[in-house]
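Open the model and keep the sequence beside it. The walk below goes from an annotated region to a sheet, then to cores and charged pairs.

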Amino acid sequence: MRIVIIGAVAAGTSAAAKARRNDEGAEIIIFDKDKDISYSGCGLPYYIGNKVKDRSELVPRNASFFKKKYNIDIFTEHEILNLDALEKKLTVKNLKTEEIFMKDFDKLIISSGASPVIPNIPGIKNENVFYLRNVQSADRIKAFINENNPKKAIIVGSGFIGLEMTENLKNLGIDVTVVELAAQVMTPLDKDMALYIQNYLEKKEINLVLGDSVAAIEGKFPNAKVVLGSGKEIATDFVVAAVGIKPNIELAQRAGIELGTSGAIKVNKKMQTNFDYIYACGDCSESYSLITGKNIYRPLGSTANKTGRIVGDSITGGNLEFRGILGTGIFKVFDLTVAYTGLTEKEAIKDGYAVVVCHNIKPDKVTYYGGEEMTIKAVADKKTGKLLGAQIIGTNGVDKRIDVFATALTFGAKVEDLFHLDLAYSPPFSTTKDPVMYTGMILDNAINKGRELITPEELKTRIEKGEKIKVIDTRVSSQYEEGHVATAENIPQDKIRKELEGLDKEQVTVTYCNKGVTGNAVQNILINNEFKKVYTLSGGFKNYKVQTK
């Protein structure tokens, strides 16, 4: 059996290695039009920023390695010009010699990856405009910086790559401006969480231009500039366009291979296309959500490796099947870690869920051992009590918690289940009730025990509409005087019982403290004294300040 693979990065090489482990007799051939194979795309920003010193660390394997270890033939700088799916033939061009030849296959794996989205704007094809997708593109950016010593850069887009590049260019002493079409940074997050990142970047002296677009790029180094849709002009030495990627599906589409609703190649759980002897994996293939069951496109290195292994097993008679993904992601920008898994609030509402959200601000470990606060936003289904997703922003311990949430989501946990997790505790590592457990407690109280939450946005909206809401600041007077919700009355927790007779039990009431604990305690007192409708402010005054800045 001859297995031919198009693409030799994460998915393609994973598929090849697994296929070889299952079948020693198969002939396995990989073609890739790039020069480098099996490289770490996620490490490219850190190579540009000199945190990765040696290029070879990103490209630890070459064709001879795969031939020696796995008896797999990899041909780099070979482009597939055409795929005849019915005749099982590929037209291949050797980019070094210009030779064109045919190659038959018994089974084919398409792992053609994805390419940067190139905005259709004047001047985009400029020698000062760069994209970051493979090692050679990183080489070009690095060479430009080393040769020209630029002082100013504009990054278009504020996703993973945009913000990672922001950090690395800033650390090189380059003044960075980020231009984002949306009204927030990091659009995969809910806006209330993106505000934490925005505030942090501003403290790091990153220039943010939100809700504006790039209309044109003019001039060349050292006299280049970007013209925005608003008419504003920004001088720059170079531009990094990081507005997203799109799956490389043109070859498959011409061959009659079906595309999914996301625009990527449609596959079943065995990663087969509509031709049962042709498979697809990695960034060119479509995934589906473990939560909703709907088709989604989430091109991540972790998913590419996973789907590649499944294809390698499936194509050689194994029983592995793709079980879907949550879209879990994590990255750092300077000292801040940002992570998310499952559905955001906006996605859950769009999918028709009646959502309950909470903001939980807790240290990653006990404060006397240097614990630092993280902000967790969790989303749950009000009807079923199931956890739907989580977003976390903090400095330490974020990776540990997001993986716990992802595991819980994978197995369909309800919010009440989170408290019962037997998580590891010791002062250097956690708090006695881990932030994940505490998040479950908050949501369980809100969904099952009548301790409802109100977000800063909802509170602000309802007050502006003229709704009569009694807002009680439960902190000590000194904290209240430093800052408070505009309409709030200060009644500290230790005085609330004496003030009950003067409060209207029929009026909607909102309690809050700094982060939520004392606000919830007062909420309990009011509910237990037969107050009709009492909310506590999600994330307390700390979260409110961020949202209403």
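Helices (H or I, at least four residues) and strands (E, at least two) are DSSP runs, numbered from the N terminus. By that count, residues 465-549 are 31% helix and 19% strand. The end C-alpha atoms of this stretch are 19 Å apart. The UniProt record, an unreviewed entry, places the feature "domain: Rhodanese" at residues 465-549. UniProt positions follow the numbering used here, feature names are shortened, and annotations may be inferred rather than shown by experiment.

Some ground rules apply. This is a predicted model, in which local features need pLDDT of at least 70, side-chain atom pairs count only at pLDDT 80 or more, and totals for chains, interfaces and linings use all residues. Residues are numbered from 1 along each chain as its sequence is written, and side-chain values use heavy atoms, with hydrogens and water left out.

Turn to a sheet. Three strands form an open sheet in the order β4-β5-β6, with antiparallel pairing. Two strands pair if DSSP finds at least two bridges between them. Strands β4 (78-84) and β6 (100-104) stand at the edges; each has a single partner strand, so one side of each lacks a neighbour in the sheet. Neighbouring strands are turned by 30 degrees against each other on average, direction ignored. For such angles, axes are lines fitted to C-alpha atoms, for helices over the stretch in contact, and angles run from 0 to 180 degrees between N-to-C directions. Strand β5 (residues 89-94) is joined to β6 by 5 bridges.

Next, the cores. A nonpolar core is a set of buried Ala, Val, Leu, Ile, Met, Phe, Trp, Tyr and Cys residues joined through side-chain atoms within 4.5 Å. Buried means under 20% relative accessible area, exposed over 50%, partly exposed in between (1.4 Å probe, protein chains only). The largest core has 52 residues. Leu83, Leu90, Leu108, Ile109, Ile110, Ile265 and Ile278 touch the most other members. Helix α1 (residues 10-22) gives the most to this core, with 5 residues. Leaving out residues up to four places away in sequence, Ile109 touches residues including Ile3, Ile5, Ala15, Tyr279 and Val311; contact means heavy atoms within 4.5 Å. A second, separate core of 45 residues includes Ile155, Leu169, Met186 and Val333.

Now the charges. Side chains of opposite charge can pair when their charged atoms come close. A salt bridge is a side-chain nitrogen of Lys or Arg within 4 Å of a carboxyl oxygen of Asp or Glu. How many salt bridges does a search of the whole structure find? The search finds 30.

Take Glu167 and Lys332, whose closest N and O atoms are 2.6 Å apart in a salt bridge. Glu167 sits in helix α5 (residues 160-171) and Lys332 in strand β21 (residues 329-333), 165 residues apart. Glu167 counts as buried because its relative accessibility is 1%. Lys332 is partly exposed, at 31%.

Are Asp434 and Arg401 buried or exposed? Both are buried. Their salt bridge brings the closest N and O atoms to 2.8 Å. Asp434 lies in the loop between α11 (415-419) and α12 (435-448), and Arg401 in helix α10 (residues 398-410), so the pair ties together parts that are 33 residues apart in sequence.

Finally, look for a network. Salt bridges link Asp190, Asp192, Glu345 and Lys377.
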